[in-house]
Amino acid sequence: MASEEHAAEGATGYIVHHLTPLSVGEGFWALHLDTLFFSAVLGALFIWFFKTAAEKATIGVPGTVQSIAEMLVEFVDQQVKDTFHGKSALIAPLGLTIFVWVFLWNFMDLFPVDILPLVAGMMGMEYMRVVPSTDLNATFALSISVFILIIFYSIKIKGVFGFAKELTCTPFGPWMMPFNLLLKLVEEIAKPISLALRLFGNLYAGELIFILIALLPWYIQPLLSFPWAIFHILIITLQAFIFMVLTIVYLSMAHEDH
Amino acid sequence: MSINATLIGQMITFTLLVWFTMKYIWPPLIGAIEERKEKIAEGLAAAEKGQEDMERAAKRAASVLKEAKQQSADIVNLAQKRANEIVEESKDTAKKEGERLLEAAQAQIAQEMQRAQEQMRKEVSALALKAAGQILSQEIDKAKHKELLGKVSEQLGQA
């Protein structure tokens, strides 16, 4: 995004403006304040909700908050049990965090595209991109964390030697070592990249369509944005679910000894 | 669209969130769920057991009732039988008593008859003797024919 484009008027300018993050700093050390802020707020919301439920957790008749929390916990727990056959104190809470946090990120997409930037504008902030999952930094932060866990568990379960052996001697045996290694590296690296890009792509495209709809005359907007929002409810849930399930699958693969 | 330090910030946030969830959120919630599951399972088992107990009790009650009915029927039968027996017995007794009375009466009659016969015989013999005496008084000497008369009178007495 070059700065000339930001200044451009009309439709292009509007779209680019909506997709430009509020950032401080230059180069690599730039920080997207909007992404950091909203994901932290949503994370706090997640923690607050579940902490409330956990504190009031009773084995008797659960209240509304506890019921919702338990539904999600059981849902994630079931996914983990279906895929991962072992014991791990980390994977299920990790799955829950990813599912709810990503869902909340994505949910920001359902706010009318102009409201929050307008509020931010009144407070003197020029740019405001409210959906953290339309920021590659956010999605890659998740997928790289997951990737680190994959590597960590691969080494922990199989040992350095075992992991190296798996990288070099499968699937075609030790004689094809370089080819195996190449294949495995691609396979491993594809995991975080596909995780991050899938979520980013879906939400970025969804947001873009909301922005495009917002460019249309007001009397057409509801006709399009309403169905798209309904459809988007499915997408945001589905993307959060996919991210969680794939994380569980990758981690259970890392746990499996060949 | 550039990758920058935001990534690191996000990773830190994520790590914190996961740590917090793992430490403070997941265990109590999953614990409550598991415990409730156990409780429900226990409750269901208890309910089932109660049902079974009830069925068993009902069965036992039915069998006890049946037994009682049987017993009462037996008792009634026994009583009936006993009553019949008593009636039979009393009939028997009455019949025997009647027979005994009849026999006694008959014996008395026979006795009376014998006595009457005896008396009649005595009277007849006395009469005959008298008659014979009167007839023979002229011809028979009492002293002379004493032996003969005694014999006749003895024969009469025997007849």
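The legends below describe close-up views of a predicted model. In this model, local features need pLDDT of at least 70 and side-chain atom pairs count only at pLDDT 80 or more, while totals for chains, interfaces and linings use all residues. Residues are numbered from 1 along each chain as its sequence is written, chains are lettered from A, and side-chain values use heavy atoms, with hydrogens and water left out.

**View 1. The interface of chain B and chain A.** Chain A gives 54 residues to the contact and chain B gives 31 (contact: heavy atoms within 4.5 Å). About 3700 Å² is buried between the two chains, and 76% of this area comes from carbon and sulfur atoms. Buried area is the accessible area (1.4 Å probe) that two parts lose on being put together, summed over both.

**View 2. A salt bridge between the chains.** K37(B) and E74(A) join their side chains in a salt bridge, 3.5 Å from N to O. The term stands for a side-chain nitrogen of Lys or Arg within 4 Å of a carboxyl oxygen of Asp or Glu.

View 3. In the salt bridge of K51(A) with E55(A), the closest N and O atoms are 3.9 Å apart. These residues are about one helical turn apart because they lie four residues from each other in helix α3 (residues 33-55). Helices here are DSSP runs (H or I, at least four residues), numbered from the N terminus.

Conventions. Helices (H or I, at least four residues) and strands (E, at least two) are DSSP runs, numbered from the N terminus.
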